[in-house]
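User: I have a model open and want to learn how to read its features. Can you take me through them step by step?

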Amino acid sequence: MDPTTDNAGHTGDPGAARASLEALRAEIAKAVVGQDPAVTGLVVALLCRGHVLLEGVPGVAKTLLVRALASALELDTKRVQFTPDLMPSDVTGSLVYDARTAEFSFQPGPVFTHLLLADEINRTPPKTQSSLLEAMEERQVTVDGTPRPLPEPFLVAATQNPVEYEGTYPLPEAQLDRFLLKLTIPLPSRQDEIDVLTRHAGGFDPRDLRAAGVRPVAGPADLEAARAAVAKTTVSPEITGYVVDICRATRESPSLTLGVSPRGATALLATARAWAWLTGRDYVIPDDVKALALPTLRHRVQLRPEAEMEGVTADSVINAILAHVPVPR
């Protein structure tokens, strides 16, 4: 077999990879109704080797979205329900004594997968939350002093409920900054909700994606080719300056106690490049930066309490900054 072709026959050609990734939306739509922005965000995160925080009330298909993406990309996925009694070893794995050999052997945890769904990550204490930090940043897990690499690609999709705070442990700013994107999953429109109910009335089973017709339309070879193409996407000095000006403006905003860090600026440049390539260009324009500014930056800023009481949101502050920072010509 050609080394640039994976088991499903997907090639490593950048043009074919873009077409395959564009087909993801239609494939996932067979299982999930009306969540195109979230699908695009997850694909951007995969292209940038980043992780995603999904925020939405229960019942808006966050879990189904990740499972459908894994099926359409032919990737392994595992789900961990984060609870107050979850231990770090329940995520990363642990050493288990084997009585037959009289030795300890490593039993991998659910983090050893391609797409890890960390459900309600803010329901587990900081000690367990932090067990994901090494996996997210270093793409490895260290147990008993031995580092163990994670599969490639690897993406953490963590969910949290935006309206229920009792019994939760809010993610610290340092950990929020490790997520490339924060995607909000809205309630569906009336027509989308009618479509959901019609599908269920017709026998749709969210636990059986094969029966729903979801098939692999892209694979790891496509992702690798796409990543290589994104890395070659041109960024002019004007665009770099534009990204820096946006991020610096957040640090000077009177509504914020915490602005975007240089890591956040790097993330915005990376996501804008991925979006530019997905839309068919090999160069970045200001509209690419604007398109990814909210999901890339909203979780990296912190509102002043008085601004929050007045109804100001992170999104409204970022939108105001985008409206005032001069756009390069």
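This is a predicted model: local features need pLDDT of at least 70, side-chain atom pairs count only at pLDDT 80 or more; totals for chains, interfaces and linings use all residues.

User: Where do I start with confidence, and what is the average pLDDT of the protein chain?

Analyst: Start with pLDDT, the predictor's confidence in each residue. Here the protein chain averages 88. Of the residues, 95% score at least 70.

User: Which elements have the lowest and the highest mean pLDDT?

Analyst: Helix H6, residues 173–176, has the lowest mean, 81. Helix H9, residues 237–251, has the highest, 97.

User: Where does pLDDT stay under 50?

Analyst: Over residues 1–9. The model has 12 contacts for that stretch beyond four places in sequence.

User: What does tryptophan 277 touch?

Analyst: Leaving out residues up to four places away in sequence, Trp277 touches Pro14, Ala17, Arg18, Leu21, Leu47, Ala226, Ala229, Val230 and Thr233. Leu21 and Leu47 are also among the core residues with the most contacts. There is a second, separate core of 23 residues, including Ala118, Leu132, Ala135 and Ala158.

User: On to charges. How many salt bridges are found in the whole structure?

Analyst: The search finds 13. For each pair, check the distance, then the burial, then the place in the chain. Take glutamate 27 and lysine 30: their side chains meet at 2.9 Å, N to O. Glutamate 27 counts as buried because its relative accessibility is 8%, under the 20% cut-off. Lysine 30 is partly exposed at 35%.

User: Which parts does the pair of glutamate 152 and arginine 49 tie together?

Analyst: First the distance: this salt bridge spans 3.6 Å, N to O. Glutamate 152 lies in the loop between strands S7 and S8, and arginine 49 in the loop between helix H2 and strand S1, so the pair ties together parts 103 residues apart in sequence. Both ends are partly exposed: glutamate 152 has a relative accessible area of 38%, and arginine 49 has 36%. Arg49 and Glu152 are linked with Glu224 and Arg227 in a network of salt bridges.

User: How does the pair of glutamate 137 and arginine 178 read?

Analyst: These side chains meet in a salt bridge of 3.1 Å, N to O. Glutamate 137 is in helix H5 and arginine 178 in the loop between H6 and strand S9, so the pair ties together parts 41 residues apart in sequence. Glutamate 137 is partly exposed at 41%. Arginine 178 is also partly exposed, with 24%.

User: Now the surface. Which residues form a nonpolar patch?

Analyst: Leu95, Tyr97 and Phe104, with about 330 Å² of accessible area together. Tyrosine 97 is in strand S3, residues 93–98. Tyrosine 97 counts as partly exposed because its relative accessibility is 48%, and exposed would need over 50%.

User: Last, is alanine 314 buried or exposed?

Analyst: Buried, with a relative accessible area of 15%. Alanine 314 is found in helix H13, residues 314–324. Beyond residues up to four places away in sequence, alanine 314 touches Arg298, Val301 and Leu303. Also compare sequence with space: alanine 314 and serine 255 are 59 residues apart along the chain, while their C-alpha atoms are separated by 9.0 Å.

Conventions:
Residues are numbered from 1 along each chain as its sequence is written. Side-chain values use heavy atoms; hydrogens and water are left out. pLDDT is the predictor's confidence in each residue, from 0 to 100. Helices (H or I, at least four residues) and strands (E, at least two) are DSSP runs, numbered from the N terminus. Contact means heavy atoms within 4.5 Å. Patches are made of residues with over 30% relative accessible area and no salt bridge: like charges are joined within 9 Å, nonpolar side chains (Val, Leu, Ile, Met, Phe, Trp, Tyr) within 5 Å. Accessible areas come from the Shrake-Rupley method with a 1.4 Å probe; for residues, only the protein chains shown count as cover. A salt bridge is a side-chain nitrogen of Lys or Arg within 4 Å of a carboxyl oxygen of Asp or Glu. Buried means under 20% relative accessible area, exposed over 50%, partly exposed in between (1.4 Å probe, protein chains only). A nonpolar core is a set of buried Ala, Val, Leu, Ile, Met, Phe, Trp, Tyr and Cys residues joined through side-chain atoms within 4.5 Å.
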